[in-house]
Amino acid sequence: MSESGSFPSAFLWGAATSAYQIEGSPLADGAGPSNWHQFCHEPGHIENGESGDVACDHYRRYREDVELMARIGIKAYRFSISWSRVLPKGCGTVNEKGLEFYRRLSDSLLENGIQPFATLYHWDLPAALEARGGWAHPDCAHWFADYALVLFQRLRDQIPYWATLNEPWVVVHAGYIEGSHPPGLRSPATAPRVTHTLLRGHALAVQAFRAEGSGHGQIGLVVNLEPKRAASSDPADLAAMERAHAYMNRQFLDPVLLGAYPDEMAAVFGRAWPRFPDQDMRLIREPIDFLGINYYSRSVVRDDPAGDLCGVSRVRQAAAEHTAMDWEVFPEGLESCLLWVRRRYGALPLYVTENGAAFEDAPMHSTAIKDVRRLDYLRRHLLAARRAMAAGVDLRGYFVWSLLDNFEWTHGYAKRFGIVGVDFPTQRRILKDSGKFYSDVIRSQGALLDP
Ligand code: FCB
């Protein structure tokens, strides 16, 4: 493929969301509460005291949303499954009505010519399991694989693409280091075990997929990657960059794809980083069919013993463009991440499973939303993806984050990532200019990206 012109005809042009961020009705039809439901209802965690109680009301409006995707021309939809809808207590009896929602959603996607791409865990753990220790309990790996097996047995005919975990780094870092996500802990002593249990859970789920296998479907893992650059050529800053890179970008990929955690982990965590059993490391290396990469930004770092866990602090690039999340806009980083993955881990099929930007949009009473900056962000990142493909990266698809403005975790509804605007009081959907642009890109098979 060349640096200009069309993408391959099989390229999956997609859009992504996650269950807790869009569905609403978190306790409907026999669902159990999730840790996110509980966390949002404890004061002080979320801006303006908001929650996913209503969100985009997608649980009740999914048909309308699927039709909208079909009108845009979207070929694949990455959504996540709420564990506690399917298993209200996390284990045990299946809640048929909860499972039925995902069957209806998948059927409706297929009827509209859209491929379902399901993530099994996008951060909402059943509250009943959090109460038993959550991911810090070693059995959580088995609880997760048992839940995954239920879905493989019941929905495999409808769903061709499966991802086990979304961004395990965020689960550990935000949940157990920063304390900004549930379970809200600041416990570097616990974090290494959580990393390891997540990866054992991922591998056991992949094994369950193969064992149950009717031969079709693909399964992979989704990680967030962020290139790190040193603020100077000072050896201390260069070492800081390597620690930050190992901690964020290699902590999960090295064990899954190379069979060992990075040596830097022991430097970051000290004695809290145990030596994990060889048999676990063999398990974690269970082959996957693809890797999903979520890419938003890069970071420039310097050595700072008073900084974060890695002894690093971030140097904000004041002259650069930033999104409403204060994330630097850096499209070249997507290209360099894709090339780095190929260089380090070999020729694995890749998907960009999330990429997008929050910006302040025009007020929602308007009928059109001229989100020029989001449109430009998408265009420049798609061009970066195409350059990586021209350099030999086996990129099979791209999912914009997000289909809809939605509940952005601790930021509540303040940050809008959608290519479709949502007027939350009325639940009206408005296709933004970025959505119209994406639709034209899809219809031109990417040719429209060329200036
Ligand atoms: C990613 C998450 C997704 C969304 C985007 C903005 O880290 O996977 O749910 O919050 O960031």
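In this predicted model, the ligand takes up the space of the largest pocket. That pocket holds about 1,000 Å³ of space. Its lining counts 38 residues, and those nearest its centre are Trp169, Val170, Glu226, Met248 and Trp327. By class, the lining of the largest pocket splits into 17 nonpolar, 13 polar and eight charged residues.

The shell around the ligand was examined next. Gln21, His122, Trp123, Asn166, Glu167 and Tyr296 belong to the residues that surround the ligand, together with Glu354, Trp401, Glu408, Trp409 and Phe417. Five residues of this shell are nonpolar, three are polar and three are charged. Glu167, Glu354 and Glu408 are among the residues of the shell.

In Glu167, a polar side-chain atom lies 2.6 Å from an oxygen atom of the ligand. For Asn166, an N or O atom of the side chain is 3.0 Å from a ligand oxygen atom. The side chain of Glu354 likewise places an N or O atom 3.0 Å from an oxygen atom of the ligand. Taken alone, the ligand exposes 290 Å², and the protein buries 94% of that area.

The second largest pocket has about 240 Å³ of space. Its lining consists of 13 residues, with Tyr261, Trp273, Pro274, Arg275 and Phe276 closest to its centre. Helix H12 (264-269) and helix H13 (278-284) are the elements that give two or more residues to this lining. Nine residues of the lining of the second largest pocket are nonpolar, one is polar and three are charged.

The structure holds five cavities of 30 Å³ or more. The largest cavity contains about 110 Å³ of space. It is lined by 15 residues, and Tyr20, Pro26, Ser34, Ser82 and Arg85 are the closest to its centre. Two or more of the lining residues come from each of helix H1 (19-22) and helix H4 (83-86). The lining of the largest cavity has five nonpolar, seven polar and three charged residues.

The second largest cavity has a volume of about 80 Å³. Its lining is formed by Asn35, Trp36, Tyr121, Trp123, Glu130, Trp135, Val171, Tyr176, His181, Pro182 and Pro183.

Backbone geometry was then considered. Most residues other than glycine have a negative phi, and most peptide bonds are trans. Pro182 and Pro183 are joined by a cis peptide bond, with omega about 5°. Pro183 is placed in the loop between H8 and helix H9 (191-212).

Ser402 has its place in the loop between strand E11 (395-401) and strand E12 (420-423).

Asp57 is not a glycine, yet its phi is positive, at about 55°. Asp57 is found in the loop between H2 and helix H3 (58-72).

Conventions: Residues are numbered from 1 along each chain as its sequence is written. This is a predicted model: local features need pLDDT of at least 70, side-chain atom pairs count only at pLDDT 80 or more; totals for chains, interfaces and linings use all residues. Side-chain values use heavy atoms; hydrogens and water are left out. A residue is near a molecule or strand if one of its heavy atoms lies within 4 Å of it. A polar contact is a pair of N or O atoms within 3.5 Å; within protein, one must be able to donate a hydrogen and the other to accept it, and residues adjacent in sequence count only if both atoms are side-chain atoms. Accessible areas come from the Shrake-Rupley method with a 1.4 Å probe; for residues, only the protein chains shown count as cover. On a 1 Å grid over the protein atoms alone, a cavity is a set of points where a 1.4 Å probe fits but cannot get out, and a pocket is an open set with protein on both sides within 12 Å along at least five of seven lines; lining residues have an atom within 4 Å of a point. A molecule sits in a cavity or pocket if more than half of its atoms lie within 2 Å of its grid points. Ala, Val, Leu, Ile, Met, Phe, Trp, Tyr, Cys and Pro count as nonpolar, Asp, Glu, Lys and Arg as charged, and the others, Gly among them, as polar. Grid points are joined across faces, edges and corners, and a volume is the space filled by probe spheres set on the points. Helices (H or I, at least four residues) and strands (E, at least two) are DSSP runs, numbered from the N terminus.
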